[in-house]
Every structure is written in C-alpha cells, then in structure tokens.
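Visitor: I would like to learn how to read the interfaces between chains in a model. Could you take me through the terms as we go?

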Amino acid sequence: MAPKYAPSLRARLPPVAFLLQVAFIVIFAFCVKIEHNGREKNQNFINSYANFQDIHVMLFLGFGFLGTFLVRYAFSSSAFNLLVAAMAVQWATILNGFLLSHSSDRVIRIQLKSLVDAELCAASTLVAMGTIHGKTNPVQLLIFALIEVTGFVLNQWIIQTLFQPRQETQWLYSMVLINIFGALFGMMTSCLLFRSKIQQKFEKEKVSRRTGLFAMFGTLFLWMFWPSLNAALEPDISAKSNTYLSLAVSAVTAMAVSALSSSKGKINLVHVQSSMLAGGIAVGAVVTSSPAPWIAMTIGFCASLLSALGFRYMKDHMLFAFDCHDTLGVLCAHAVPGILGWFAQLILRLMSISHSTIAFQFVLHYVCILLITVFVSLVMGTITGILLKCSLWKPQRDNKRYDDQAYWEFPHLLEDK
Amino acid sequence: MAPKYAPSLRARLPPVAFLLQVAFIVIFAFCVKIEHNGREKNQNFINSYANFQDIHVMLFLGFGFLGTFLVRYAFSSSAFNLLVAAMAVQWATILNGFLLSHSSDRVIRIQLKSLVDAELCAASTLVAMGTIHGKTNPVQLLIFALIEVTGFVLNQWIIQTLFQPRQETQWLYSMVLINIFGALFGMMTSCLLFRSKIQQKFEKEKVSRRTGLFAMFGTLFLWMFWPSLNAALEPDISAKSNTYLSLAVSAVTAMAVSALSSSKGKINLVHVQSSMLAGGIAVGAVVTSSPAPWIAMTIGFCASLLSALGFRYMKDHMLFAFDCHDTLGVLCAHAVPGILGWFAQLILRLMSISHSTIAFQFVLHYVCILLITVFVSLVMGTITGILLKCSLWKPQRDNKRYDDQAYWEFPHLLEDK
Amino acid sequence: MAPKYAPSLRARLPPVAFLLQVAFIVIFAFCVKIEHNGREKNQNFINSYANFQDIHVMLFLGFGFLGTFLVRYAFSSSAFNLLVAAMAVQWATILNGFLLSHSSDRVIRIQLKSLVDAELCAASTLVAMGTIHGKTNPVQLLIFALIEVTGFVLNQWIIQTLFQPRQETQWLYSMVLINIFGALFGMMTSCLLFRSKIQQKFEKEKVSRRTGLFAMFGTLFLWMFWPSLNAALEPDISAKSNTYLSLAVSAVTAMAVSALSSSKGKINLVHVQSSMLAGGIAVGAVVTSSPAPWIAMTIGFCASLLSALGFRYMKDHMLFAFDCHDTLGVLCAHAVPGILGWFAQLILRLMSISHSTIAFQFVLHYVCILLITVFVSLVMGTITGILLKCSLWKPQRDNKRYDDQAYWEFPHLLEDK
C-alpha cells in the first residue's frame, strides 16, 4: 500500500509554483490596476457580485468535488482543483487584459467583469482537466492549465480579430466554446499522454458510498448555480429561467436513461451526476436567442439523453477504439451537449433570418468559428501532450494512479469507525 | 447483502419519467411564455435573484442531504430528492399558472416569482416525502409528488376562492401551510401504506459518524437560508432578522432539550437537526405581523422545545399507537411548529384588532382555513396511500428498506479505507 | 471504547443553556427593537443581504466544518460551533448595542448592520475556540464564548473611547483585530487550562480520508467567501478583488511550502487548509488603504509562507517550550497573518503621510491600539482559563479528548460499508 517508490515532488512542485507565482506578481505590479467605479456603477457591481459568487462557488467547490467520486483520490481532486484554478485565474486575467481588452496604453484595468472573464477561462481548464484526472502529477497539471488558458484566450482572440466587423461574435463568449474547447483539448492531451497504457480497468477508478456522496455534493452546486453561469454575460430573466427549466428536465432524463440502459434497471450515480449538467451546457449556447421555455426544455432533454447514452455505451468504446482514456467522461459530459447546443443555436438563428444571402453568410461564419475552435484546441492539446510526456516532470507511475498516497501526508490511520 | 430479488425498475421508472417529462414539455409548448421585464423591473429581479438562489439551495441541497443520515440510503436521499423536486417544480409552475394566476387568456407568464412559487409548492412535497423516506421506490415517489402538488395548489385555490374578498388571505401563502399541509398529507399516506408492517426498529434506520455529518451539512443549509425562505414574499428586514434570531434560539434550545431528556445526558444529533429548524417554521407564520424580536425568539424557543420533546417521546408512541411510521419525524419537525406558529399568528392578529365583531369574523376565517387545509391534506393523503398500494408500481420489499442497493449500481467495492 | 465514565452533562448543559437563553430573551424584550427602514434604505439592505449571507455561511458552516478533520470529533465540531455561534451572536448584539452604539435612550435598534457586527464578534470567538477545540465540554465552551465576546467588545469600546477624536479608528473594526484578539485570547486560555497535561500526541488528533474532505469543504467556504467578509464594512471593488487575488496566491503558496518543507515532498492537507486562508486575514488589515493588486498579492504570499512554515516548524515547539497546546494551530493560522497585515497597514499608511509629526503621532496611536488589544486579550484569556479550570463544569477526562462518544448518542453501529 505504501507508495515507497512514488517520485518525490519536492524538487519539482515548489520551484515551479514559486516561479510562476512570483512572475505573476511581477507582471501584476507593472501592468495591472484596479478600476475604481463611480457611485452609479457601484450599484450594478454590488448586484452582479452575488452572481459572481455563484460562479466562484461552481469553480472552486463544484468542479473540485465533482471528481471526488474516485475512492482514493478525494484530497487531490479538491485541492489540485484549487491549485490549478487559482493559477489559471491569475494567468487568464493577464492574458485577457493584453489580448482581448482594447485599452490604448499597456495597463490592464481590473473590474468585476475581468474576474468573471478570468473565471470562465479557468472553467474551461477545469473541464479539460477531467480527461487526465488522477493520471498526472500537480506539476503537469500546472503546465497543462497554463497552456490551456493560453489556447483558449488565443482562440477567442483569433475569432475576435477575424469576425469582429460582423458584430455577431457576441456569442463567442458563450459557455459552449468553454465546454467544446476544454473537452477537445483535454481529449487530445490524454490520448497522447496515455496511448496504449490504460487498457485494464483500475480498481481505484471506482466509487464508494462515501465518495459518491461528496461528488453528489459538488455536482449539485454546479447544477444549482448553472443558471448564474449562463446569465453571467446576459443578466436576463430569460437566460436564467430557461437554464433552470432545462436543468430540471436534464436531471429527470439522466436518471430515466441510466435506469433504462442498465440490464438490472439500476441507476449509475456517476453517469447521472455528469449527464444532469448537460441541459445547462447545451442551453448556454442558445441563451442569446432567448428561446421559448419549451425549446430550452427540449434541448435539455436531448442533451441529457445523448450524454447519458454516451456514458453507458461510448466511454468504454473510446478507450478500446482510440486508446483514449477519459476519467471523468468529459467527451460525453461536455463536448456532446456543447456541440448539440451549438447546432441548436444555428437553427434558432437561421429561423429568425429571412434573407437567404445573410443566412448563408451567417452559416459560413458560424461553422468557421466552430472549425477554428476545434482546430486550435486539437493543436494546442497535441503540443501539451508531447510536452507533458517529458520525464522532467517526474510523471506518475502507472500503478500509483488515482491514489492520494503519492502526494499527501497520511498519518498512520486510526481505524475510521 | 446483494439484493438479488429486489424488483427491477427498468419497466417502471423510465416510462413513467419519460411520459411525464414529455407531457410537461408539450404543455409548456402550448401555454407557457417568459415575461420579459422592462428596465425598471429588471433591477428588482436581480436583487431578488440572490434570494431565490438561497431557496433553490435549500430545496435541492438542504432537503436532499437532510435525509442522508440513514446509514445506507444516502445516494437515494440526495438523488431522489432531486428527481422529485425537478418534477414537482415543473408541475407546480403549470398548476399555479392555471389555477392561481388571474390572466384573461390561457397563457402562463413566467417571472422569477413564478419560479419561487413553484419551489414553495415543491418544498411542501419534500416535507411530505420525509414520512415515506426510504420505504417507497422512485416511481411511487413521482406519483406521490404529483398528487401532493395538486393537493397543495388545490387547497390554495379553494382558500383563495372562498376568502378572496376579505383581503386577509395574503398570509395563506405563508410557510406554515406548506409545513402543515405537507406533514399531514405525508402522515396519512404513510399510515395507509405501511399499516401494521413496520413494528420492529430497522437496523438500517440508524445514523453513522459519516452520514450524520452529511445530514448536518444539509440541515445547516436549511438553517442558514431559512430567513430567505420566510422573506421570500415579504422582503423586509423584520422578517429576516426575526427568523434569524428565532433560529438561533431554536438551535440552542434543541441541544439543551436533547441533553436534558436523555438519561445519560447525551445529545441525539438527528433530533437536534430536525428540531433546530422549528424556530424558522413557526416564525414563518407570523412574519406578516412583524412582531418584536423577543416575541419571535419566544416562539422559536417554544417551537423547538415542543419539537425536541416530540422527537424523544412522541415518535415511537405514534408507531405503536397508530401504526404510523414516520422516517424523518415530519410530524414533530414540521406539523407541530407549524401549528404553533399558526396559533401565535392568531393571537398576534387578535391583539391588534380592537373591534370584537371584526375579531370574531377574523377568528372564524382563520380557523376555517386551517380546517380546510387539514381536511384537504388528509383526503388527498388517503387517496395517495390507496393508489400507491397498487402492486403495479412494484413496491419495495420490506427487507430492502433504507437500502441504496435496490436502486443503484455499486461496483464490487474496494475496501474504503 | 465506550466512555462509561465520561461525566454526564445532564445537570450542567441544559440549565446553563436555558438560563442564558431566557436571560437573553428577557433583555431583548426590554431593550431591542427592529429598525424599519424607509423605501430607499431598503434597496441597500437587499444588496447587502447577499453579502451578509456569505458571512453567515462562513460563520456557521465554514468554521464549523474547519475543525471536522479530527477523526472522531466531527459531530461536536459542527454542532458545538453552531451552539456557541448562536449564543455569541445574541450576546454580541446586546453588548454592541449598549457599549458601541450612540443612541440617547437605552433602546438597541437592530438593522442588518447590527447582525453583521454581531457575526464579526462571534467570528472572533470561533477563532479563539480553535485553541481549545476537542479539549473542553460544551458548557465550558459557552462560558468561554461569553467572556470572549465581552472582552472583544470591551476592547473595541476602550479603543473607541480613547482614540475617537482622531477619526483614524475606522480600521479598528477591521478583520485583523478579530484574528489577533481571538488567537491570543484562546492561546492564553489553552495554556492555563492544559499546562503540562498534553505532552503526548493524541491518536485521535489525526485526520482521515473522510474527515479531511469534510474539513476541506468547510475551509473552501471560508476561502471562497472571505472577500465578502473583508468587504463587509467597505463595500468596494478594491477590497473584494484584492482579497480575491491575495487568497489565490495564498492557496498556491501554501501547497508549495507544504511540499517543500516535507522530507518526502508530500503535502499536508491540514496545514494547507489553515495556511491558505492567511492571505485573506492579512489583506483584511489593509483593505481601507486600497493598495494596488500586486501589493495585496505580495502580502498574501508572505502571510501564507509564514503561516505554512509556522505549521510545519513552530506548532510542536510551542507545545514543548510553553506547554501550550493549540488544536487548530490558531497562532499560525490567524495571529501570524493578522500581525503581518497589521504592520503592512502601518507601512502603507506611513507612505501616504508626508509630514513627520503626523506620522509619528499616527505610529504612536497605531502601536497603542495593538498593545491594548494584546493586553486585553491576554488578561481576559487568563481570567477565562482560571474560571474554566473549576471542577463545577465537569471538565473532560484527558483520555476522552477529541471524542464524540462523550457527548453524542450513537446507536450500536451497523458496519459502515
């Protein structure tokens, strides 16, 4: 049991973390200011602060506990999520400020919106991390996160630069790019890192009564606050209530499909936890169109259906067919509903455009954005995968996967009765 | 251990869930619109959104984890709570729109308030579910929830129709009807369903170190956010701070009574968890009168005292005297403080009315509303009990009670150290 | 295992709790009114209510679960935290009203701000409680809390009375006094209570996979909502985003230092949990100066560094050198970052004052306030320590420390699989 031969991170994690952290502080010292708002703006700020806190909870608590279902990896799930998110948020603030803001001087002005934007970038990283969850050490995770954030902001910058005049790029910030980009980036990295290594099912990849409940808890926070996430940049009753209804349908559908697709009629808690978020992800793509509630509910129904079926039938096939192991099932949980929502948005938009030339132009742009995103995510994922293979980072031994013992001090345990 | 003979739900849960879900989507397609607010209303919307989120957390997280103390029923507690609440909210939105709104056309307009109203109806269902917690399968729970919501809305409609001209019915929405209606409805159903079956104390009805803490966690969310619930329809400093103070007194009293009534001076965590909410429930009935803080604190003290004593002495007697088994002790936790608050409100109102004729009229109406609520809840509960006895729903075997194994896929477990 | 000889609290806890509770209700009846705001103020009230709820969650959930890492003391951690906080809030409301408000008549007017102030006093008590966590019974905790709140309010009153004309006392409310006062008070009490008794390391003072995660959960709520705490009395974007950035740096630094200072390069979860809050505590002292983000980040970095090193090297030395046992490491977690923040604020203020006489005067006042706080906390802590030694309170036997069995009813447990 004792991981005697797990490589010590003493000479890797502290230097990398300190170096990055000091570098960030130096950059902040030279380039970042806080934008003090006047009295009037302050009002809106206080309002949106509650919304921001919801997203904050999703990021640090929700995503952190989502992965705690692994029976021996709960400390790492929650704490490395915090480590990575805390780094990603700082890096994203800097990158967003340099690439995406339009200030004339070289000064980044922080408002509450900057922090929300940074958290959305970090969310994309946390989605991507799900694919390599439990198979990499924290140093690799930090490198992974920095490249992912860079890729995500770069992708936004490319899209903004190419399509800005059309003014239709407002939805490029939508939740869906977060999920599609993150999931594809992560899959690519995972494929390259673990090719033909993970064939057998790991004993420690299982769920227990205790850990399943901790994961339920994280999932519920994601599920409950998803309306705030979708309404982060569209503070409208329509965005919130559509997401709310879609998530309700999603939860019901996920459980029904899980019971239906099991030979004994039993529900798989881990499948349900991931699929029940599908409605929120898919509807995130269409909130700017403010569809009728039943359309949001239908999208939630379809997204959850596809996602739950994917968990039951596709996840294992992916492993055998493509040597691609995906711990949290990010492909089914995020990419599938994301792409579904993307097409739903395309159809909704087309129905509101009467002129065929404009419609054609719109489709062209729309498809281009998806293709660019897919392309950038796959390329950056490939780079990351190759970089992380390097033995410099002291990668985990295969038999120490999904085990906290490699990274955490445990006392000689008292019997935990 | 393996529940080889637990009836499979494959042919029951998915069809029922899909059927209901598709039906709801169709009804939404024809009858529900989102009410887009103007600029001014939007402001209030954003404010009350934070309040709404508190109630949302109570409903899906608080109630869900309240029942996780059962040592082997934690997955079902949290997940079936989610399933039922997600369904109940949709059904309540539809029913509230048709029966209680006063629109001229047949269109239901959704605002944030509609969602709050729907969540209050769902809360009533979740209270009622506490009585049959762990003894029914999810299909029975869905049927149970639909009838309970129907009954609750019907009760409101009857009261509104009969007493509308008096304009004193504003408090009919108060939290107290939720608790009284839910608790009585649930007790009636439980009595009919399990008459003379549950005599012995089940081994699995116990609490463990682990599950007690998960339940503590759910209870704390209910306890912390109860001020938001009581102020849902009365956004006033008085409602919030009175509830806050009453809950503080309640928590202290619950622990003191639990220690006092134990022969060894030890506290029972499950009793404390349920009784410490009594202050919030009871004060919910009087918030419209804006009493002085000490009155709210006294009500909280009495409610918690009665509730904690009820848990220690009444719960088991109910089982022997009336064959009525109540898993979460809903009668002591919700009905007793609810009725106490109801009478407190009666007294507070009477003290503010000087004229005897008006006072008499008021008492008459007030008592009528309570009697109607009791009557409707008992009748609907009886109907539900008879309906759920039907073997069509493949009811649980008695020896599989309070066990997740009947509904959830468990891997062959790794030793959970 | 069965604590047959643990003294029963039946004759102690209920009488003390009832007595105090009834006394509080009586005081409230004669002296406390709710201040109903007009329409305009109501707006601000609703806004700050969301902020208040964050602090509420920190107090009752965050602090309560922070101490649950002790493998057999989780019920007591969460429930006694609730008991003590509920009492402390009531007592602080009364004391704050009498000593610190400037109303002409003897009536205390409750607003939302009163509740926030009361919760800040209670937070100071909960910090102090960390030192004696697991070593005292709930009756001792109640006495401890009442004296601590009295001391904390008294200290504020002294400072306000002495330095009021200077108008520089606005920062006396800052989070830092809470942490410094609480930590020193608790250390003094702990020293006197347990002198030369706790030499050996207790088996039950360890963490387990399960309890570490519950503690992570409480810590995360503290970590996530600390910006709301620091901005409680300074609702400004600067306070919030500085705290946010400082906490992010803090979390990264805590993990890096913990890995660096371990011989095997492994991270200690309990150390990380406490140190990652250091950034929030230290920055709490400087929010009124609105420093640039990089200054806040640097303060967070230093605070977390010192705190994490303190946990690794100082905690055990304190025990051997001064016979001073500190269960939650409050000295490293709260006092050290608090004093660091205090000096950071001194330097920041001095840099903004050009005139040397004013600067000298400022330093004098500033140092006086710290010395008064230290003096009052140590004196009150000594009194409390002597008082609690009294055998009237039936103190815990040494071998029953850190064990829920002494206070809570446990069923004969089903194997918790």
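Guide: Let us start with the polar contact, which is a pair of N or O atoms within 3.5 Å; within protein, one atom must be able to donate a hydrogen and the other to accept it, and residues adjacent in sequence count only if both atoms are side-chain atoms. By that rule, the count between chain B and chain C is twelve residue pairs, both residues being at pLDDT 80 or more. This is a predicted model, in which local features need pLDDT of at least 70 and side-chain atom pairs count only at pLDDT 80 or more, while totals for chains, interfaces and linings use all residues. Residues are numbered from 1 along each chain as its sequence is written, chains are lettered from A and ligands numbered from 1 in the order in which they are written, and side-chain values use heavy atoms, with hydrogens and water left out.

Visitor: Which salt bridge joins B:Arg209 to chain C?

Guide: A salt bridge is a side-chain nitrogen of Lys or Arg within 4 Å of a carboxyl oxygen of Asp or Glu. The rule finds three across the interface of chain B and chain C, and in one of them B:Arg209 meets C:Asp403 at 3.9 Å, N to O.

Visitor: Which helix gives the most residues to the side of chain B that touches chain C?

Guide: Helices (H or I, at least four residues) and strands (E, at least two) are DSSP runs, numbered from the N terminus. On that side α8(B) gives the most, with 17 residues.

Visitor: How much area do chain B and chain C bury between them?

Guide: The size of an interface is often given as the accessible area lost when the parts come together. Buried area is the accessible area (1.4 Å probe) that two parts lose on being put together, summed over both. Chain B and chain C bury about 6,100 Å², 71% of it on carbon and sulfur atoms. In chain B, B:Arg209, B:Ile237 and B:Tyr244 lose the most area to chain C, together 15% of what that side buries.

Visitor: How many residues are in contact between chain B and chain A?

Guide: With contact meaning heavy atoms within 4.5 Å, 69 residues of chain B touch 64 residues of chain A. These two chains bury about 6,100 Å² between them, 72% of it on carbon and sulfur atoms. Three salt bridges are counted here, including the one in which the side chains of A:Arg312 and B:Glu409 meet at 2.7 Å, N to O.
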